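I opened this model to look up a helix, the sheet beside it, the cores and some aromatic rings. My notes follow in the order I took them.

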Amino acid sequence: MGAGAFGVVSALELAHRGFAVTILDRGPTPHPEASSTDISKMLRMDYGSDVFYHELAEAALDIWDEWNRGWSRPLYHEEGFLVLAPGQMRAGGFEYESHRVLTERGYKPQRVDSAYMARHHPEWSSDRYPDGYMSPRGGWAESGAVVADLLQQCVDSGVQTMTGTFVRLLSHGSRVSGALVRTGHGEQTIKADSVVLCAGAWTPSLAPWLSEVMKAVAQPVVHFAVNRTESFGRSAFPPFSADISGSGWYGFPVLADGRFKLGYHSDGLVVEPSQRGTVGPGHIEKARDFLRESIPSIAQAPVVDTRICLYCDSVDGDLLLDRDPEREGLVVAAGGSGHGFKFTPMIGKIVADAVEGRANRWQPRFCWRTGGRAAAEEARHQTTKDQEDQ
């Protein structure tokens, strides 16, 4: 259920494995309110000292390359990832540890300083970020277009699509046997041997027994109009994070139509997805303060769009891709926590293996968690220990 990135890639993989698959979504698809239906999402391997996510992103990027070769035009743009620090990078910090892991695993990120920034990225206030690096392996994807293409591949592969609203799961004893949905023609029953719930930020609402381990969180995004696109070409202005663990700011290259997307990553505001709210003037002014300090030439650029992006945050930041141990036949794929889209090429394989009950190298980190943060942290600890023992 759900035609966002997790849903369509899982449906496609299951169809390729011979399953008869139906996608249920409230429509239209791709839905404009889905987190993955956007102009851009970051693709990166930079995860501090967390080698697991570095390696998972590395595997995903290889498939992004394959997908690009099959598309009529590239939807993944490998333009690097500029990681900026407000002072000298230090051990334990996100920037330092990300640089260390990249280097130890054979990559050659370019260390940057104020002089380098002034020379290669002149739109930035060079003295504001005296340290950091440029990672060549990464970039951004046209996320909405990617979902639309994967959805078309689903249709071409025989996946059925259905527009309707999920009412409740159907079950026979403890086994899930399908779903009751509401369509324009009334309520209808969909029978299934397995149900895969890929509902993004709506997951805690549709599966309230998961509300202890995940929540819907609102994060603001602002699009500015930049009329000097030649100064913000992709080599001079790549995707970036600017003191991401401290300030929360990240952004993307200016598109051909002049749009500059500026995102903000924080604890966010817990919301009901249907009441996500809007980006207020206070945040826009906060964004302009960041631009005045960091990219002053566009600090007064007009705002052309705003968006509240909904995260499905898990208590530990890890995705949840697993069978429900109390509801046989139900698999949940959720908990993207603001960083799940980059793993789209890997998600379908992990979910399909969960449906089939197969072991998957990556899945233990995304195992079922209940009982709040303590249980989730224990799951993470056990996964790390298992990896060390291998």
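I began with helix α8 (residues 344-356), which lies across β12, β19 and β20 and runs at about 20 degrees to β19. Helices (H or I, at least four residues) and strands (E, at least two) are DSSP runs, numbered from the N terminus. Axes are lines fitted to C-alpha atoms, for helices over the stretch in contact, and angles run from 0 to 180 degrees between N-to-C directions.

I noted the ground rules next. This is a predicted model, with residues numbered from 1 along each chain as its sequence is written, and side-chain values use heavy atoms, with hydrogens and water left out. Local features need pLDDT of at least 70 and side-chain atom pairs count only at pLDDT 80 or more, while totals for chains, interfaces and linings use all residues.

**Helix α8**

I checked the length. α8 has 13 residues and reaches 19 Å from its first C-alpha to its last. That is close to the 18 Å expected at 1.5 Å a residue, the expected span being 1.5 Å times one less than the number of residues.

Is α8 mostly covered or mostly open? It is mostly covered, with eleven of its 13 residues buried. Buried means under 20% relative accessible area, exposed over 50%, partly exposed in between (1.4 Å probe, protein chains only). Met-346, Ile-347, Ile-350 and Val-351 are among the buried ones. I looked up their neighbours: the buried residues of α8 pack against α1 (5-16), α2, α5 (143-156), β12, β19 and β20. Just after the helix, Gly-357 takes a positive phi of about 75 degrees.

**The sheet**

The open sheet has three strands in the order β12-β20-β19, with mixed pairing. Two strands pair if DSSP finds at least two bridges between them. β12 (195-197) and β19 (320-323) stand at the edges with a single partner strand each, so one side of each has no neighbour in the sheet. The twist averages 10 degrees from one strand to the next. β19 pairs with β20 (residues 330-334) in the antiparallel sense over four bridges. I found Val-332 of β20 as the bridge partner of Asp-322.

**Cores**

A nonpolar core is a set of buried Ala, Val, Leu, Ile, Met, Phe, Trp, Tyr and Cys residues joined through side-chain atoms within 4.5 Å. Which members of the largest one touch the most others? Of its 66 residues, they are Trp-64, Val-146, Leu-321 and Phe-366. Helix α2 (residues 51-70) gives the most to this core, with nine residues. Another core, of 35 residues, lies apart from it and includes Leu-84 and Phe-224.

I followed Leu-321. Its contacts (heavy atoms within 4.5 Å) include Phe-6, Val-332, Ile-347, Ile-350 and Phe-366.

**Aromatic rings**

I counted 23 aromatic pairs. Rings of Phe, Tyr and Trp (its six-membered ring) pair if their centres lie within 6.5 Å; planes under 30 degrees apart count as stacked, over 60 as edge-to-face and the rest as tilted. Trp-64 and Trp-71 form a tilted pair, 6.4 Å centre to centre with 55 degrees between the planes. Both are buried. Trp-124 and Phe-240 are edge-to-face, at 4.8 Å and 85 degrees. Trp-124 lies in the loop between α4 (114-120) and β6 (131-135) and Phe-240 in strand β14 (residues 240-242), so the pair ties together parts that are 116 residues apart in sequence. Phe-240 is buried, with a relative accessible area of 0%.

Methods: Lists of a residue's contacts leave out its neighbours within four places in sequence.
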